[in-house]
Amino acid sequence: MNIENTKAQMRKGTLELCILAIVNKKDSYASDIINTLKEKNLIVVEGTLYPLLTRQKNAGLLSYRWEESTQGPPRKYYALTDKGRQYFKELSESWEDLVGVVDSIIANK
Amino acid sequence: MKKALKINLSGLVFHIDEDAYEKLKKYLDAISSYFSDKEESKEIINDIEARIAELFQEKTSRESEVITADLVEEVIEIMGNPEDIADTAEDAGNQKKTGFSGKRASRRLYRDPEESVLGGVCGGLGAYFNVEPLIFRLLFVLLFFFGGASILVYIILWVVLPRAETAAQKLEMRGEPINVSNIEKKIREEYDNVKDNAKAAAKSDSVKQAQKGAGEFFTVLGNILLVFIKVILIILGTLLVLAGIVTIIAVITGAFVGVHFFPFGPYETSLADILAPFSDPASITLLIIGLSLLFLIPLIAMVYGLIRLIFKIKSQPRGLGAGAITLWFIALVMSVGIIAFESSNFSKSGSDRSDVKLSIPSDTLTVSVNATMREDVEDFAMIDIDDNWYFSENMEVIYGSVRLDIESSGTGDPSLEIRKKSKGRNWDDADENARRLSYYFEADKNHLVLDPYFFIEDPEKWRFPRVSLKLLIPENTVLVLDENTRDILDDIYNLNHVSDWNMAGKTWVMTDRGLKRTEE
């Protein structure tokens with residue numbers, strides 16, 4: 001057992017939910033999402049985000065549109081689809097349940 | 001001084017050092033190798049490229065600043081190593097790549113696109129069982145010729161087995177653990193391959209472009225056609241190889257062991273036997289070795305080349321080609337040398353002439369041929385060259401046909417002129433060779449019995465030997481030609497203009513103008 005590894009696994013498990021949460025708040029492009037996640041120490045390296053975004057988009061949870069940028073190339077702005085919103089709702093409910101259960105277990109100890 | 005390249009990353013142009021470029025390319029290739037789904041991998045790579053472009057932009061102050069290897073390294077640090085990137089993908093619920101459940105080091109059967117002749121089935125089998133793919137290819141081809149079911153098995157495997165496309169799949173195919181260092185190693189190998197052959201890469205790119213343009217339907221149709229042609233070529237090639245091998249065996253047995261030549265007799269005859277009369281055994285052996293190599297080397301080269309083509313053997317022993325060519329030239333020089341040297345044995349003509357007086361008690365002479373000898377030679381001779389020379393079965397004696405001419409001796413005594421002729425290295429040698437020819441006849445009163453053949457007891461000394469006889473008889477001699485002289489009569493002048501063939505079995509009289517038929 002490696003504590004760092006366990007922590008990383010925990011972060012990873014919640015990553016999907018966090019992405020949906022960020023996009024739910026405001027349509028975002030990849031770098032926005034990265035900056036938010038990095039700030040909160042949820043991801044260490046940026047590359048890990050892209051496969052997740054692509055898979056979520058392919059799963060029909062996210063959609064994107066191109067927007068011109070004043071600096072650099074056009075940006076891909078992600079937004080939640082209806083299915084994504086539904087998915088997000090369910091996931092966040094399940095997250096709250098999980099947090100409650102885990103908290104209570106820890107407290108009882 | 002460093003070489004810099006211009007690259008287009010997500011629509012932005014960057015100047016980048018060559019080593020930095022290679023590092024970046026390797027990194028991107030490594031990432032894409034983790035994803036089995038082509039479309040998905042392309043999309044992810046595009047996004048990552050866009051981000052890298054952004055990072056480059058942030059981290060370079062001026063527009064013209066060159067991207068260095070250090071900067072690439074820094075960006076890679078930010079983006080994370082390929083393994084981590086792929087790892088998140090796994091956690092995202094995509095389980096199709098893990099293959100077997102559990103943790104054993106798995107080995108899976110794939111088709112190997114790098115080791116493919118047709119579909120890479122044998123390459124994959126070879127990788128799976130860790131044996132040379134060649135063995136499976138031989139097996140498939142051999143089984144095809146013994147019934148043909150193997151082609152069906154091949155097609156089924158082709159359809160059923162997935163292609164090993166990503167580095168991870170290729171490692172799995174070989175049963176190597178899938179970890180970062182192995183994947184990187186694999187990518188580096190592939191990358192180096194491409195770099196080594198930039199032209200091939202460019203070509204394949206253009207092929208891909210062309211395929212894209214032609215549309216899916218024609219691509220599929222083209223591929224089917226291509227495979228069909230390949231299958232036919234492989235079958236043809238294999239047949240050629242078999243034919244080549246048969247020819248090689250034939251050349252070897254013909255030259256050294258001996259072949260059953262039906263027309264010549266019941267014994268096996270080799271090239272050595274045929275050449276035996278022309279020279280001594282040592283030169284003949286050398287000549288046969290030389291001639292055999294002359295034929296065998298190109299034959300073997302052809303068969304070997306075909307096998308290499310069919311079975312895609314890449315490695316070649318160093319110096320094999322050069323060695324073969326050298327050996328071939330040695331064989332050529334040796335053969336030409338021996339032939340030139342040996343043919344000098346035939347360069348000069350010599351002869352030996354003897355006249356034998358015949359005493360005929362009356363003025364009638366009967367000429368016949370030694371029938372026993374003729375039967376013996378015809379029954380037991382082994383090789384018959386041009387109806388002129390016959391070899392005894394044990395090759396110890398050569399018989400040669402004699403020719404008989406008949407002329408008038410005027411008023412002189414009857415005689416038989418025996419002229420032996422042969423070739424030789426020089427005049428003396430030729431004369432000596434002529435003298436060695438043995439010829440016998442029997443003169444008994446009015447009866448002259450001629451041997452139909454002369455002979456040499458030393459077959460190595462065969463130098464185009466010939467013996468011609470000239471029978472001189474005085475005018476008014478009555479000449480009875482026996483029926484069996486037919487074959488030895490040669491261009492005899494006669495007043496009746498009867499051909500040689502028809503002169504035998506008839507009675508003639510010598511006149512002052514030549515032979516004339518007697519009235520019967």
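So, B:F464: how exposed is that one? In this predicted model, B:F464 has a relative accessibility of 39%, so we call it partly exposed, since that class covers the range between 20% and 50%. If you're looking for it on the screen, go to chain B and find the loop that links β14, residues 453-456, to β15, residues 466-473.

B:N476 isn't a glycine either, and its phi is positive, about 75°. Where does B:N476 sit? You'll find it in the chain B loop running from β15 to β16, and β16 is residues 478-481. B:N476 comes out at 55% relative accessibility, so it counts as exposed, the cut-off for that being over 50%.

Right, over to chain A and a pair of helices. Helix α1 of chain A is residues 3-25, helix α3 of chain A is residues 49-58, and their axes come within 11 Å, crossing at roughly 70°. With that angle, α1(A) is roughly perpendicular to α3(A). And the handedness? α1(A) goes past α3(A) in a right-handed crossing.

Which residues make the contact? From α1(A) you've got A:L15, A:E16, A:I19 and A:L20, and from α3(A) it's A:L49, A:L52, A:L53 and A:Q56. Sort the residues of that contact by type and you get 6 nonpolar, 1 polar and 1 charged.

That's my bit, thanks.

Methods. Residues numbered from 1 in each chain as written. Chains lettered and ligands numbered in written order. Predicted model: local features only at pLDDT ≥ 70, side-chain atom pairs only at ≥ 80, totals over all residues. Heavy atoms only, no water. Helix = DSSP H or I, 4+ residues; strand = E, 2+ residues; numbered from the N terminus. Buried < 20%, exposed > 50% of the residue type's maximum accessible area, 1.4 Å probe, protein only. Axes fitted to C-alpha atoms, helices over the stretch in contact; angles between N-to-C directions. Parallel < 35°, antiparallel > 145°, perpendicular 65-115°, else oblique. Left-handed = near helix turned anticlockwise from the far one by under 90°. Contact = heavy atoms within 4.5 Å. Nonpolar A, V, L, I, M, F, W, Y, C, P; charged D, E, K, R; others polar.
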